[in-house]
Amino acid sequence: MHLLFHALDDSGNTAEIALQNEEDTMALGAAMAPALAPGLIIYLSGDLGAGKTTLTRGVVRALGFRGNVKSPTYTLVEPYVDSRIHLYHFDFYRFTHPDEYLEAGLDEYFAGQGVCLVEWPRHAAPHIPAPDLEIELEMVAQGRHARLHALTEAGRKCIQRMSSPER
């Protein structure tokens, strides 16, 4: 399956992808896997059921992990270190106050060379580090839309690698 990336500006900082079904969301995750670089912080936003964990599952599967990929809603973080890159999947949905991020002692994950995929990052703001890339998943009548927005040079390079026809 080939996903069609639509650039929303000439800078290469923003792209949009139409996702018709769960397989497309998994394919977007699979396209992200080889584009990841050590130390990337990626925020995943969208309503409940928008596909944040499905997108992460696509990334993790493409990195070679064959075990169960689940949402870390109760554990806060699920580490995946059986691949070429260490990936940490966070879910802060259950935080009732941003200081819970500090109390959980999660800073060390963001300070290393692992890739951090973060669901519900606003629940940990302002304590959580700023992202390199934001991915917004939105449910629409035709399925879903994914909007990617790079906030750093590392995020822009990730979008470029994902949207490259050579990938």
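The model is predicted, so to speak of its local features we require pLDDT of at least 70, and side-chain atom pairs count only at pLDDT 80 or more, whereas totals for chains, interfaces and linings use all residues. Residues are numbered from 1 along each chain as its sequence is written, and side-chain values use heavy atoms, with hydrogens and water left out.

I begin with the overall architecture. The protein chain has five helices and eight strands; these are DSSP runs numbered from the N terminus, with helices being H or I of at least four residues and strands being E of at least two. Their order along the sequence is β-β-α-β-α-β-β-α-α-β-β-β-α. Of the 167 residues, 48% are buried, where buried means under 20% relative accessible area, exposed over 50%, and partly exposed in between, using a 1.4 Å probe and protein chains only. Taking contacts (heavy atoms within 4.5 Å) between residues at least 6 apart in sequence, 62% join residues at least 24 apart.

Next, helix α2. This helix spans residues 52-62, and eight of its eleven residues are buried. Among them are Leu55, Val59 and Val60. The buried residues of α2 pack against α1, β3, β4, β5, β6 and β7. Glycine 64, which follows α2, has a positive phi near 105°.

In helix α5, residues 153-163, the buried positions are Gly155, Arg156, Cys158, Ile159 and Met162. These positions cover an arc of only 155° around the axis, which puts them on the same side of α5; the arc is taken from the directions between the helix axis and the C-beta atoms.

In one of them, arginine 147 pairs with glutamate 16, with the closest N and O atoms 2.6 Å apart. Because arginine 147 lies in strand β8 and glutamate 16 in strand β2, the pair ties together parts that are 131 residues apart in sequence. Glutamate 16 is buried at 17% relative accessible area, whereas arginine 147 is partly exposed at 29%.

Definitions and conventions. A salt bridge is a side-chain nitrogen of Lys or Arg within 4 Å of a carboxyl oxygen of Asp or Glu.
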